[in-house]
Amino acid sequence: MQVTETLNEGLKRGYAITVTAAELDEKVNEKLVEAQPEVEMKGFRKGKVPMALLKKQFGPRVLGEAMQESIDGAMSKHFEESGDRPAVQPEIKMTNEDWKEGDDVEVSVSYENLPTIPDVDLKSIKLEKLVVKAEDKDVQEALSNLAENAQNFEDRKKGSKAKDGDQVVIDFLGKVDGEAFDGGAAEDYPLVLGSNSFIPGFEAQLVGAKAGDDVEVNVDFPAEYQAPNLAGKAAVFECKVKAVKAPAAAEINDELAKQFGAEDLAALTAQVSERLEAEFGGASRAVMKRKLLDELDKTVSFELPPSLVDAEAGQIAHQLWHEDNPDVEGHDHPEIEPTDEHKSLAERRVRLGLLLAELGQKNEIDVTDAEMTQAIMNQARQYPGQERQFFEFVQQNQQMQQQMRAPIFEDKVVDFIFELADVKEKTVKKAALEKAVEALEDDA
(Lines give C-alpha, C1' and ligand atoms only; values in the text may rest on other atoms or scores of the structure.)
Protein backbone atom coordinates (compact mmCIF):
# COMPACT_ATOMS: atom_id res chain seq x y z
CA MET A 1 0.00 0.00 0.00
CA GLN A 2 1.31 3.39 -0.94
CA VAL A 3 0.30 6.76 0.59
CA THR A 4 1.50 9.91 -1.19
CA GLU A 5 0.92 13.48 0.00
CA THR A 6 -0.69 15.63 -2.69
CA LEU A 7 -1.63 18.76 -0.74
CA ASN A 8 -0.22 20.50 2.32
CA GLU A 9 -1.44 24.08 2.34
CA GLY A 10 -2.36 25.71 5.64
CA LEU A 11 -4.74 23.26 7.30
CA LYS A 12 -5.67 21.55 4.02
CA ARG A 13 -4.31 18.06 3.45
CA GLY A 14 -4.56 15.72 0.49
CA TYR A 15 -3.28 12.18 -0.07
CA ALA A 16 -3.33 9.55 -2.83
CA ILE A 17 -3.65 5.99 -1.57
CA THR A 18 -2.91 2.98 -3.76
CA VAL A 19 -3.94 -0.50 -2.64
CA THR A 20 -2.39 -3.06 -4.97
CA ALA A 21 -4.36 -5.91 -6.47
CA ALA A 22 -2.01 -8.36 -4.74
CA GLU A 23 -2.73 -6.81 -1.34
CA LEU A 24 -6.46 -7.00 -1.95
CA ASP A 25 -6.23 -10.62 -3.08
CA GLU A 26 -4.26 -11.51 0.02
CA LYS A 27 -6.82 -9.83 2.28
CA VAL A 28 -9.71 -11.59 0.50
CA ASN A 29 -7.98 -14.94 0.99
CA GLU A 30 -7.43 -14.18 4.68
CA LYS A 31 -11.11 -13.38 5.19
CA LEU A 32 -12.23 -16.52 3.32
CA VAL A 33 -9.84 -18.73 5.32
CA GLU A 34 -11.23 -17.20 8.51
CA ALA A 35 -14.81 -17.89 7.42
CA GLN A 36 -14.20 -21.35 5.90
CA PRO A 37 -14.78 -23.45 9.08
CA GLU A 38 -18.33 -22.09 9.43
CA VAL A 39 -19.41 -22.26 5.77
CA GLU A 40 -21.95 -24.91 4.72
CA MET A 41 -22.65 -25.70 1.06
CA LYS A 42 -24.65 -28.43 -0.62
CA GLY A 43 -22.43 -31.45 -1.42
CA PHE A 44 -19.78 -30.58 1.18
CA ARG A 45 -19.44 -31.08 4.89
CA LYS A 46 -19.37 -27.98 7.09
CA GLY A 47 -15.93 -26.41 6.90
CA LYS A 48 -14.80 -28.53 3.94
CA VAL A 49 -15.87 -26.29 1.06
CA PRO A 50 -12.85 -25.86 -1.30
CA MET A 51 -11.22 -22.43 -1.28
CA ALA A 52 -11.63 -22.02 -5.05
CA LEU A 53 -15.39 -22.54 -4.73
CA LEU A 54 -15.57 -20.18 -1.75
CA LYS A 55 -13.75 -17.52 -3.72
CA LYS A 56 -16.07 -17.92 -6.69
CA GLN A 57 -19.19 -17.81 -4.50
CA PHE A 58 -18.25 -15.11 -1.97
CA GLY A 59 -15.20 -13.42 -3.47
CA PRO A 60 -16.93 -10.34 -4.98
CA ARG A 61 -18.69 -9.46 -1.75
CA VAL A 62 -15.57 -10.06 0.37
CA LEU A 63 -13.56 -7.98 -2.08
CA GLY A 64 -15.66 -4.90 -1.33
CA GLU A 65 -15.16 -5.41 2.41
CA ALA A 66 -11.42 -5.88 1.87
CA MET A 67 -11.23 -2.60 -0.10
CA GLN A 68 -13.03 -0.64 2.63
CA GLU A 69 -10.96 -2.19 5.44
CA SER A 70 -7.71 -1.51 3.58
CA ILE A 71 -8.53 2.15 3.01
CA ASP A 72 -9.81 2.61 6.57
CA GLY A 73 -6.68 0.91 7.90
CA ALA A 74 -4.43 3.14 5.80
CA MET A 75 -6.20 6.26 7.08
CA SER A 76 -6.09 5.13 10.72
CA LYS A 77 -2.35 4.43 10.42
CA HIS A 78 -1.80 7.80 8.75
CA PHE A 79 -3.62 9.71 11.50
CA GLU A 80 -1.79 7.76 14.19
CA GLU A 81 1.62 8.46 12.65
CA SER A 82 0.99 12.08 11.61
CA GLY A 83 -1.04 13.17 14.62
CA ASP A 84 -3.53 14.85 12.27
CA ARG A 85 -7.10 15.35 13.50
CA PRO A 86 -9.63 16.05 10.73
CA ALA A 87 -11.91 19.02 11.42
CA VAL A 88 -14.74 17.24 9.59
CA GLN A 89 -15.20 13.84 7.97
CA PRO A 90 -12.46 13.34 5.31
CA GLU A 91 -13.62 13.30 1.69
CA ILE A 92 -12.67 9.99 0.06
CA LYS A 93 -12.98 9.36 -3.68
CA MET A 94 -11.99 6.44 -5.88
CA THR A 95 -9.97 7.98 -8.73
CA ASN A 96 -9.78 5.01 -11.14
CA GLU A 97 -13.52 4.86 -11.80
CA ASP A 98 -13.02 2.26 -14.57
CA TRP A 99 -11.64 -0.16 -11.97
CA LYS A 100 -12.16 -3.87 -12.55
CA GLU A 101 -11.20 -6.91 -10.51
CA GLY A 102 -7.47 -7.47 -10.75
CA ASP A 103 -6.62 -3.74 -10.88
CA ASP A 104 -4.99 -1.68 -8.15
CA VAL A 105 -7.37 0.59 -6.20
CA GLU A 106 -6.50 4.28 -6.33
CA VAL A 107 -8.14 6.64 -3.84
CA SER A 108 -7.84 10.36 -3.09
CA VAL A 109 -8.35 11.61 0.45
CA SER A 110 -8.73 15.26 1.42
CA TYR A 111 -9.52 16.97 4.70
CA GLU A 112 -8.88 20.02 6.83
CA ASN A 113 -6.65 19.39 9.79
CA LEU A 114 -7.46 20.78 13.21
CA PRO A 115 -4.91 23.45 14.13
CA THR A 116 -2.30 23.26 16.83
CA ILE A 117 -3.78 25.25 19.70
CA PRO A 118 -1.29 27.21 21.81
CA ASP A 119 -1.13 26.79 25.56
CA VAL A 120 -2.87 29.40 27.69
CA ASP A 121 -1.67 30.56 31.08
CA LEU A 122 -5.04 30.30 32.78
CA LYS A 123 -3.68 31.64 36.08
CA SER A 124 -2.84 34.96 34.41
CA ILE A 125 -6.47 35.61 33.45
CA LYS A 126 -8.02 38.29 35.67
CA LEU A 127 -11.79 38.27 36.21
CA GLU A 128 -14.28 40.15 38.34
CA LYS A 129 -17.15 38.33 40.02
CA LEU A 130 -20.17 40.49 40.83
CA VAL A 131 -21.72 39.54 44.18
CA VAL A 132 -25.26 40.65 45.04
CA LYS A 133 -26.91 40.06 48.39
CA ALA A 134 -30.68 39.77 48.57
CA GLU A 135 -31.92 42.96 50.26
CA ASP A 136 -35.10 43.17 52.30
CA LYS A 137 -36.94 45.04 49.53
CA ASP A 138 -36.03 42.32 47.01
CA VAL A 139 -37.32 39.61 49.35
CA GLN A 140 -40.54 41.53 50.05
CA GLU A 141 -41.12 42.06 46.34
CA ALA A 142 -40.70 38.33 45.74
CA LEU A 143 -43.08 37.50 48.58
CA SER A 144 -45.64 39.91 47.12
CA ASN A 145 -45.37 38.13 43.77
CA LEU A 146 -45.96 34.79 45.50
CA ALA A 147 -49.02 36.24 47.22
CA GLU A 148 -50.42 37.37 43.87
CA ASN A 149 -49.85 33.93 42.38
CA ALA A 150 -51.51 32.30 45.39
CA GLN A 151 -54.64 34.21 44.46
CA ASN A 152 -57.66 34.06 46.72
CA PHE A 153 -61.21 35.10 45.83
CA GLU A 154 -63.47 37.24 47.98
CA ASP A 155 -67.23 37.80 47.59
CA ARG A 156 -68.16 40.86 45.56
CA LYS A 157 -70.87 43.23 46.80
CA LYS A 158 -74.37 41.88 46.48
CA GLY A 159 -75.69 42.41 42.95
CA SER A 160 -72.23 42.77 41.37
CA LYS A 161 -71.86 41.39 37.86
CA ALA A 162 -69.19 38.79 37.16
CA LYS A 163 -66.18 40.01 35.17
CA ASP A 164 -63.47 38.21 33.27
CA GLY A 165 -61.00 36.94 35.89
CA ASP A 166 -63.70 36.62 38.58
CA GLN A 167 -64.59 33.32 40.13
CA VAL A 168 -68.22 32.19 39.94
CA VAL A 169 -69.48 29.37 42.14
CA ILE A 170 -72.13 27.45 40.21
CA ASP A 171 -74.36 24.41 40.19
CA PHE A 172 -74.77 23.12 36.64
CA LEU A 173 -76.56 20.38 34.75
CA GLY A 174 -75.66 19.63 31.13
CA LYS A 175 -78.05 18.09 28.59
CA VAL A 176 -77.71 16.87 25.01
CA ASP A 177 -80.95 16.38 23.04
CA GLY A 178 -82.83 17.08 26.30
CA GLU A 179 -81.11 14.24 28.17
CA ALA A 180 -78.60 14.67 30.99
CA PHE A 181 -75.26 12.94 30.33
CA ASP A 182 -72.62 11.43 32.62
CA GLY A 183 -70.11 13.93 33.96
CA GLY A 184 -72.24 16.89 32.97
CA ALA A 185 -73.35 17.98 36.44
CA ALA A 186 -71.72 19.46 39.55
CA GLU A 187 -72.58 21.50 42.62
CA ASP A 188 -70.66 24.43 44.15
CA TYR A 189 -68.15 24.34 41.32
CA PRO A 190 -65.62 27.23 41.48
CA LEU A 191 -65.01 28.42 37.91
CA VAL A 192 -62.60 31.25 37.05
CA LEU A 193 -63.95 33.12 34.05
CA GLY A 194 -61.35 33.38 31.31
CA SER A 195 -59.41 30.35 32.51
CA ASN A 196 -60.58 28.35 29.44
CA SER A 197 -61.00 25.30 31.62
CA PHE A 198 -64.48 24.57 30.23
CA ILE A 199 -65.78 24.02 26.70
CA PRO A 200 -65.07 26.98 24.37
CA GLY A 201 -67.81 29.60 24.74
CA PHE A 202 -69.03 28.36 28.13
CA GLU A 203 -67.30 30.89 30.41
CA ALA A 204 -68.05 33.91 28.21
CA GLN A 205 -71.80 33.36 28.69
CA LEU A 206 -71.41 33.72 32.46
CA VAL A 207 -69.76 37.13 32.24
CA GLY A 208 -72.28 39.66 33.57
CA ALA A 209 -74.14 37.13 35.73
CA LYS A 210 -74.98 37.94 39.35
CA ALA A 211 -75.31 35.75 42.41
CA GLY A 212 -78.74 34.13 42.33
CA ASP A 213 -79.06 34.24 38.51
CA ASP A 214 -80.11 31.21 36.48
CA VAL A 215 -78.15 31.14 33.23
CA GLU A 216 -78.71 28.83 30.29
CA VAL A 217 -75.39 28.22 28.54
CA ASN A 218 -75.51 26.93 24.97
CA VAL A 219 -72.32 25.40 23.57
CA ASP A 220 -71.12 22.88 21.01
CA PHE A 221 -68.72 20.15 22.05
CA PRO A 222 -65.57 20.18 19.86
CA ALA A 223 -65.54 17.64 17.03
CA GLU A 224 -62.43 16.05 18.54
CA TYR A 225 -63.86 15.89 22.08
CA GLN A 226 -62.52 12.97 24.11
CA ALA A 227 -65.98 11.47 24.75
CA PRO A 228 -67.19 10.15 21.35
CA ASN A 229 -70.87 10.29 22.40
CA LEU A 230 -70.56 14.05 22.94
CA ALA A 231 -68.12 15.03 20.17
CA GLY A 232 -69.65 17.66 17.89
CA LYS A 233 -72.97 17.70 19.77
CA ALA A 234 -74.89 20.82 20.82
CA ALA A 235 -75.40 21.01 24.58
CA VAL A 236 -77.36 23.13 27.03
CA PHE A 237 -76.08 23.73 30.56
CA GLU A 238 -78.54 24.93 33.19
CA CYS A 239 -76.42 26.98 35.58
CA LYS A 240 -77.29 28.40 39.00
CA VAL A 241 -74.87 31.20 40.00
CA LYS A 242 -74.44 30.95 43.77
CA ALA A 243 -71.61 33.46 44.27
CA VAL A 244 -69.49 35.96 42.38
CA LYS A 245 -65.99 36.50 43.78
CA ALA A 246 -63.25 38.95 42.85
CA PRO A 247 -59.58 37.94 42.84
CA ALA A 248 -57.61 39.12 45.85
CA ALA A 249 -53.94 38.68 46.64
CA ALA A 250 -53.24 36.36 49.54
CA GLU A 251 -51.86 37.88 52.74
CA ILE A 252 -48.16 37.45 53.41
CA ASN A 253 -48.35 35.29 56.53
CA ASP A 254 -47.81 31.75 57.79
CA GLU A 255 -50.79 30.49 55.79
CA LEU A 256 -49.20 31.71 52.57
CA ALA A 257 -45.95 30.02 53.57
CA LYS A 258 -47.73 26.70 54.04
CA GLN A 259 -49.23 26.96 50.55
CA PHE A 260 -45.68 26.92 49.23
CA GLY A 261 -44.52 24.05 51.42
CA ALA A 262 -42.77 26.10 54.11
CA GLU A 263 -43.32 25.65 57.82
CA ASP A 264 -43.99 29.34 58.46
CA LEU A 265 -43.36 32.81 57.05
CA ALA A 266 -39.83 32.95 58.47
CA ALA A 267 -38.93 29.70 56.68
CA LEU A 268 -40.50 30.94 53.43
CA THR A 269 -38.61 34.23 53.71
CA ALA A 270 -35.33 32.34 54.13
CA GLN A 271 -36.14 30.18 51.10
CA VAL A 272 -36.98 33.21 48.98
CA SER A 273 -33.77 34.96 50.02
CA GLU A 274 -31.76 31.84 49.16
CA ARG A 275 -33.49 31.51 45.78
CA LEU A 276 -32.89 35.16 44.93
CA GLU A 277 -29.19 34.89 45.72
CA ALA A 278 -28.99 31.74 43.60
CA GLU A 279 -30.56 33.70 40.72
CA PHE A 280 -28.13 36.56 41.28
CA GLY A 281 -25.30 34.01 41.32
CA GLY A 282 -26.43 32.54 38.02
CA ALA A 283 -26.61 35.98 36.41
CA SER A 284 -23.21 36.89 37.81
CA ARG A 285 -21.72 33.69 36.42
CA ALA A 286 -23.12 34.49 32.96
CA VAL A 287 -21.49 37.93 33.08
CA MET A 288 -18.16 36.48 34.23
CA LYS A 289 -18.30 33.75 31.58
CA ARG A 290 -18.74 36.35 28.84
CA LYS A 291 -15.77 38.32 30.21
CA LEU A 292 -13.70 35.12 30.23
CA LEU A 293 -14.61 34.27 26.63
CA ASP A 294 -13.80 37.85 25.56
CA GLU A 295 -10.42 37.57 27.27
CA LEU A 296 -9.64 34.20 25.65
CA ASP A 297 -10.73 35.49 22.26
CA LYS A 298 -8.28 38.41 22.56
CA THR A 299 -5.46 36.31 23.99
CA VAL A 300 -5.43 33.24 21.77
CA SER A 301 -4.92 33.21 18.01
CA PHE A 302 -4.53 30.28 15.59
CA GLU A 303 -5.56 29.30 12.08
CA LEU A 304 -9.16 28.14 11.75
CA PRO A 305 -10.50 25.35 9.49
CA PRO A 306 -12.45 27.19 6.73
CA SER A 307 -15.12 24.47 6.56
CA LEU A 308 -15.99 24.89 10.24
CA VAL A 309 -16.13 28.69 9.94
CA ASP A 310 -18.29 28.54 6.79
CA ALA A 311 -20.70 26.04 8.37
CA GLU A 312 -21.01 28.13 11.55
CA ALA A 313 -21.50 31.37 9.58
CA GLY A 314 -24.23 29.73 7.53
CA GLN A 315 -25.98 28.49 10.66
CA ILE A 316 -25.80 31.94 12.30
CA ALA A 317 -27.16 33.65 9.17
CA HIS A 318 -29.97 31.11 8.89
CA GLN A 319 -30.96 31.44 12.55
CA LEU A 320 -30.96 35.24 12.48
CA TRP A 321 -32.97 35.26 9.25
CA HIS A 322 -35.68 33.15 10.87
CA GLU A 323 -35.69 35.45 13.92
CA ASP A 324 -36.31 38.39 11.56
CA ASN A 325 -38.94 36.39 9.63
CA PRO A 326 -40.89 34.53 12.35
CA ASP A 327 -43.81 33.83 10.00
CA VAL A 328 -41.64 31.48 7.90
CA GLU A 329 -41.59 28.21 9.82
CA GLY A 330 -40.10 25.90 7.18
CA HIS A 331 -36.92 26.17 5.14
CA ASP A 332 -38.57 26.89 1.80
CA HIS A 333 -36.96 30.29 1.39
CA PRO A 334 -34.22 31.89 -0.72
CA GLU A 335 -30.62 30.94 -0.01
CA ILE A 336 -29.22 33.05 2.82
CA GLU A 337 -25.75 34.44 2.20
CA PRO A 338 -23.68 35.04 5.38
CA THR A 339 -22.39 38.59 5.83
CA ASP A 340 -18.95 39.65 7.06
CA GLU A 341 -20.51 40.17 10.49
CA HIS A 342 -21.80 36.59 10.50
CA LYS A 343 -18.36 35.30 9.48
CA SER A 344 -16.65 37.34 12.19
CA LEU A 345 -18.98 35.91 14.84
CA ALA A 346 -18.48 32.43 13.39
CA GLU A 347 -14.70 32.79 13.67
CA ARG A 348 -15.04 33.74 17.34
CA ARG A 349 -17.32 30.78 18.07
CA VAL A 350 -15.13 28.28 16.24
CA ARG A 351 -11.94 29.62 17.87
CA LEU A 352 -13.42 29.47 21.37
CA GLY A 353 -15.06 26.10 20.72
CA LEU A 354 -11.77 24.52 19.61
CA LEU A 355 -9.89 26.12 22.51
CA LEU A 356 -12.37 24.93 25.15
CA ALA A 357 -12.44 21.45 23.59
CA GLU A 358 -8.64 21.31 23.73
CA LEU A 359 -8.56 22.46 27.36
CA GLY A 360 -11.19 19.89 28.25
CA GLN A 361 -9.32 17.08 26.55
CA LYS A 362 -5.93 18.00 28.03
CA ASN A 363 -7.39 18.20 31.53
CA GLU A 364 -9.53 15.05 31.14
CA ILE A 365 -12.79 16.90 31.61
CA ASP A 366 -15.78 14.86 30.50
CA VAL A 367 -19.55 14.70 30.87
CA THR A 368 -20.52 11.78 33.08
CA ASP A 369 -23.43 9.43 32.44
CA ALA A 370 -25.09 10.75 35.59
CA GLU A 371 -24.84 14.35 34.34
CA MET A 372 -26.30 13.37 30.97
CA THR A 373 -29.15 11.47 32.61
CA GLN A 374 -29.96 14.46 34.81
CA ALA A 375 -29.94 16.80 31.80
CA ILE A 376 -32.26 14.50 29.86
CA MET A 377 -34.64 14.24 32.82
CA ASN A 378 -34.70 18.02 33.23
CA GLN A 379 -35.59 18.52 29.58
CA ALA A 380 -38.11 15.66 29.63
CA ARG A 381 -40.14 17.57 32.21
CA GLN A 382 -41.06 19.99 29.45
CA TYR A 383 -43.18 17.21 27.93
CA PRO A 384 -45.65 16.17 30.67
CA GLY A 385 -46.94 12.65 30.14
CA GLN A 386 -44.33 11.93 27.47
CA GLU A 387 -41.20 11.86 29.64
CA ARG A 388 -40.44 8.21 28.91
CA GLN A 389 -40.82 8.64 25.13
CA PHE A 390 -38.51 11.68 25.21
CA PHE A 391 -35.93 9.77 27.26
CA GLU A 392 -35.97 6.86 24.79
CA PHE A 393 -35.78 9.25 21.83
CA VAL A 394 -32.62 10.88 23.20
CA GLN A 395 -31.03 7.52 23.99
CA GLN A 396 -31.47 6.45 20.37
CA ASN A 397 -30.40 9.76 18.82
CA GLN A 398 -26.65 10.42 18.84
CA GLN A 399 -27.02 13.92 17.40
CA MET A 400 -29.49 14.91 20.12
CA GLN A 401 -27.14 13.53 22.77
CA GLN A 402 -24.29 15.61 21.37
CA GLN A 403 -26.45 18.75 21.37
CA MET A 404 -27.24 18.20 25.04
CA ARG A 405 -23.70 17.18 26.00
CA ALA A 406 -21.97 20.19 24.39
CA PRO A 407 -23.24 22.95 26.76
CA ILE A 408 -22.62 20.76 29.82
CA PHE A 409 -19.05 20.12 28.68
CA GLU A 410 -18.49 23.82 27.96
CA ASP A 411 -19.73 24.85 31.40
CA LYS A 412 -17.47 22.27 33.09
CA VAL A 413 -14.45 23.60 31.20
CA VAL A 414 -15.42 27.19 32.07
CA ASP A 415 -15.74 26.26 35.75
CA PHE A 416 -12.32 24.60 35.56
CA ILE A 417 -10.84 27.87 34.21
CA PHE A 418 -12.63 29.89 36.91
CA GLU A 419 -10.85 27.82 39.56
CA LEU A 420 -7.43 28.64 38.10
CA ALA A 421 -8.04 32.25 37.06
CA ASP A 422 -7.40 35.26 39.28
CA VAL A 423 -11.00 36.05 40.33
CA LYS A 424 -11.76 39.08 42.51
CA GLU A 425 -15.20 39.44 44.09
CA LYS A 426 -16.98 42.79 43.92
CA THR A 427 -20.16 43.40 45.93
CA VAL A 428 -22.67 45.43 43.95
CA LYS A 429 -26.34 46.32 44.01
CA LYS A 430 -28.96 44.37 42.10
CA ALA A 431 -29.33 47.24 39.59
CA ALA A 432 -25.64 47.03 38.65
CA LEU A 433 -25.93 43.29 37.98
CA GLU A 434 -29.08 43.84 35.91
CA LYS A 435 -27.23 46.46 33.86
CA ALA A 436 -24.37 44.03 33.24
CA VAL A 437 -26.83 41.34 32.11
CA GLU A 438 -28.56 43.79 29.78
CA ALA A 439 -25.19 44.57 28.22
CA LEU A 440 -24.74 40.86 27.48
CA GLU A 441 -28.09 40.77 25.69
CA ASP A 442 -27.24 43.90 23.68
CA ASP A 443 -23.98 42.31 22.51
CA ALA A 444 -25.54 38.92 21.69
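In which helix is His 322 found? I found His 322 in helix H6; helices here are DSSP runs (H or I, at least four residues), numbered from the N terminus. This is a predicted model, where local features need pLDDT of at least 70, side-chain atom pairs count only at pLDDT 80 or more, and totals for chains, interfaces and linings use all residues. Residues are numbered from 1 along each chain as its sequence is written, and side-chain values use heavy atoms, without hydrogens and water.

Beyond four places in sequence, His 322 is in contact (heavy atoms within 4.5 Å) with Val 328, Glu 329, Gly 330, His 331 and His 333.

Then I looked up a helix pair. H9 (residues 387-395) packs on H10 (residues 398-420) at about 95°, axes 6 Å apart. That makes the two roughly perpendicular (65 to 115 degrees). Phe 390, Phe 393, Val 394 and Gln 395 of H9 meet Met 400, Gln 401 and Met 404 of H10. I read five of these residues as nonpolar, two as polar and none as charged.

Last, the cores: buried nonpolar residues joined through side-chain atoms within 4.5 Å. The largest has 39 residues, with Ile 125, Leu 292, Leu 296 and Ile 417 making the most contacts inside it. H10 gives the most to this core, eight residues. Leu 292 touches residues including Ile 125, Val 414 and Ile 417. Another core, of 24 residues, lies apart and includes Ile 170 and Cys 239.

Terms used. Axes fitted to C-alpha atoms, helices over the stretch in contact; angles between N-to-C directions. Parallel < 35°, antiparallel > 145°, perpendicular 65-115°, else oblique. Nonpolar A, V, L, I, M, F, W, Y, C, P; charged D, E, K, R; others polar. Buried < 20%, exposed > 50% of the residue type's maximum accessible area, 1.4 Å probe, protein only.
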